[in-house]
Amino acid sequence: MTAPNAVSVHALTVAAPTGRLVLDRVHLDVPGGAAVALVGESGAGKTTLALTLLGHLGPGLRRTAGEVLVAGVAPLMLSSRARRAFRRSEIAWLGQDPAASLTPTRRVSDLVGEVAPGPRPARRDAVCAALEALGLPIDAAFLHRHPHEISGGQRRRVALARALVRRPRVLVLDEPVTGLDPDARAQVVDEIGLVRRTAGCTLVVISHDLGAVRDLAEQTVILDAGRVVEAGGSAATLAAPTSPVTRRLIDAATPVGLRAAPAPGPATLRVTDLGAAHGRQPVFQGVSFTLGPGECLALSGSSGIGKSTLARTILGLHIPTHGQVALDDVGLAPGVHDRSAGQRRAIAYVPQDPATSLNPARTVHATLARAVAHGALTRDAVTRGATTRGAPAWSSQRVAVARLLAAVGLEPDTASRRPTELSGGQRQRVALARALAGQPRVLVCDEVTSALDPTVGAAVLDLLDRLRREHHLCILLITHEPGAAGRVATRAHTLTATGLLGDPAADVPAASALNGADHVHR
């Protein structure tokens with residue numbers, strides 16, 4: 001006997017203020033206890049569709065036709081009070097940006113405990129069980145940390161623990177394994193599967209990770225421009241796709257070989273015996289490597305090992321305990337405020353969570369224009385390197401912003417939108433455009449493709465690779481994805497608490513380094 005549908009979406013159409021259809025006559029039926037994955041390029045409508053299950057529509061969006069039913073309830077028709085009760089009792093949600101769901105002033109134990117069911121003693125046990133199941137520490141030191149004191153991968157798992165600890169009837173997850181190392185990813189997939197089996201909940205998952213789609217969901221729905229273009233069993237759909245969109249996603253996710261290293265030259269960036277700590281707790285020590293013009297070093301490591309801290313230390317945003325960062329063999333001050341304007345412009349950063357680094361009150365144009373003014377980027381500097389010092393004229397500024405958007409694959413009308421009106425992938429590309437505005441010589445990318453679908457991620461990596469080759473840009477690429485490393489990196493290494501695995505001066509194959517091959521300890 002077929003289980004009744006826990007989720008039913010019939011002919012749902014959602015329009016933007018301009019009249020553009022964000023969702024166009026979408027149909028989706030998910031039986032109780034089943035799992036379905038929503039897959040598609042950034043902006044395809046995946047998150048908009050998932051949010052309608054919670055009774056939410058983004059700013060300016062309106063439902064023009066169709067209906068949504070979740071556990072027999074029409075969430076889009078509920079009053080605000082009834083909708084809050086519905087979300088507490090029937091459905092749980094984990095968004096693309098975990099930091100947005102974690103109150104920054106609350107500690108890990110409180111963040112998970114406030115949504116756990118039962119009396120206080122039982123809630124504490126439930127918190128520890130949920131965290132431990134996802135591979136997180138449960139010692140007092142970790143439980144008392146705030147979100148900014150843990151890594152991006154750990155924040156994502158804490159946010160997931162908040163969703164899982166309630167044992168909801170319907171669980172909606174937007175990119176649940178993004179930014180996780182392979183071990184953490186496997187633990188998260190296993191725990192989601194365990195919750196489904198024990199609680200009998202229905203799962204709707206959005207993911208750019210096609211391997212996670214196979215592991216988590218029996219059914220896959222492919223969206224493109226707000227329409228369903230293919231649907232079927234996950235294994236069959238991904239093994240023998242019939243839609244050009246699906247084939248394009250699969251092709252883009254296929255790893256490619258390591259890029260050829262440029263001819264040896266003087267080091268642009270030199271890191272020597274660098275160490276860092278959080279308070280009295282050491283994070284890493286003895287990290288040494290060089291990056292010359294046109295080189296890209298892919299850096300992997302387990303969640304929480306200190307990859308983002310290393311990036312911030314190089315940028316001068318985290319003071320090292322020892323060691324030195326040098327640009328053109330000139331030592332840089334440990335703190336960014338003690339560096340010259342030229343030194344600050346020379347090293348640019350693309351953060352892991354773009355939603356927390358983009359001002360929600362500014363349009364994309366305002367954000368990029370501000371970066372253009374600071375970096376004095378004008379005319380065709382993105383593609384030809386032309387620059388004029390001083391604040392650019394308004395017309396030149398508009399041209400520079402348009403070229404930056406084009407360089408990262410965004411439409412011109414993106415300039416008038418705010419971060420909350422963009423998909424996660426679009427926000428990541430805006431963050432990359434902002435980093436490029438100052439014509440940096442070194443680009444530090446922290447999980448730059450984590451929020452991107454395979455085709456857009458491949459396009460961004462190809463852009464980075466072109467900039468690396470044509471403008472001799474040095475790139476430090478922090479990633480858990482072997483395919484990403486192979487697409488742009490000339491070397492790849494693994495960060496440990498005592499340094500790097502592998503000889504930092506050698507060309508270690510990216511796929512080998514990221515898949516845990518044995519290297520000489522350095």
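**Entry 1: helix contact.** I looked up where H11 touches H19 and found that Arg248, Leu249, Ala252 and Ala253 in H11 meet Pro454, Thr455 and Ala458 in H19, contact being heavy atoms within 4.5 Å. I sorted the residues of this contact into 5 nonpolar, 1 polar and 1 charged. Here Ala, Val, Leu, Ile, Met, Phe, Trp, Tyr, Cys and Pro count as nonpolar, Asp, Glu, Lys and Arg as charged, and the others, Gly among them, as polar.

**Entry 2: basis.** I note that the model is predicted, that local features need pLDDT of at least 70 and side-chain atom pairs pLDDT 80 or more, while totals for chains, interfaces and linings use all residues. Residues are numbered from 1 along each chain as its sequence is written, and side-chain values use heavy atoms, without hydrogens and water.

**Entry 3: helix geometry.** I read an angle of about 45° between H11 (residues 244-253) and H19 (residues 454-471), with their axes 7 Å apart. H11 is therefore oblique to H19, as angles under 35 degrees count as roughly parallel, over 145 as roughly antiparallel, 65 to 115 as roughly perpendicular and the rest as oblique.

**Entry 4: strand E17.** I checked residues 474-478 and found 5 of 5 buried, meaning under 20% relative accessible area with a 1.4 Å probe, protein chains only. Cys474, Leu476 and Ile478 lie on one side of E17, Ile475 and Leu477 on the other.

**Entry 5: neighbours of E17.** I found E12 (residues 296-300) parallel to E17 and joined to it by 4 bridges; leucine 297 stands opposite leucine 476. E16 (residues 442-446) also runs parallel to E17, with 5 bridges, and valine 442 has cysteine 474 as its bridge partner. Strands pair if DSSP finds at least two bridges between them.

How values were computed:
Buried means under 20% relative accessible area, exposed over 50%, partly exposed in between (1.4 Å probe, protein chains only). Helices (H or I, at least four residues) and strands (E, at least two) are DSSP runs, numbered from the N terminus. Axes are lines fitted to C-alpha atoms, for helices over the stretch in contact, and angles run from 0 to 180 degrees between N-to-C directions.
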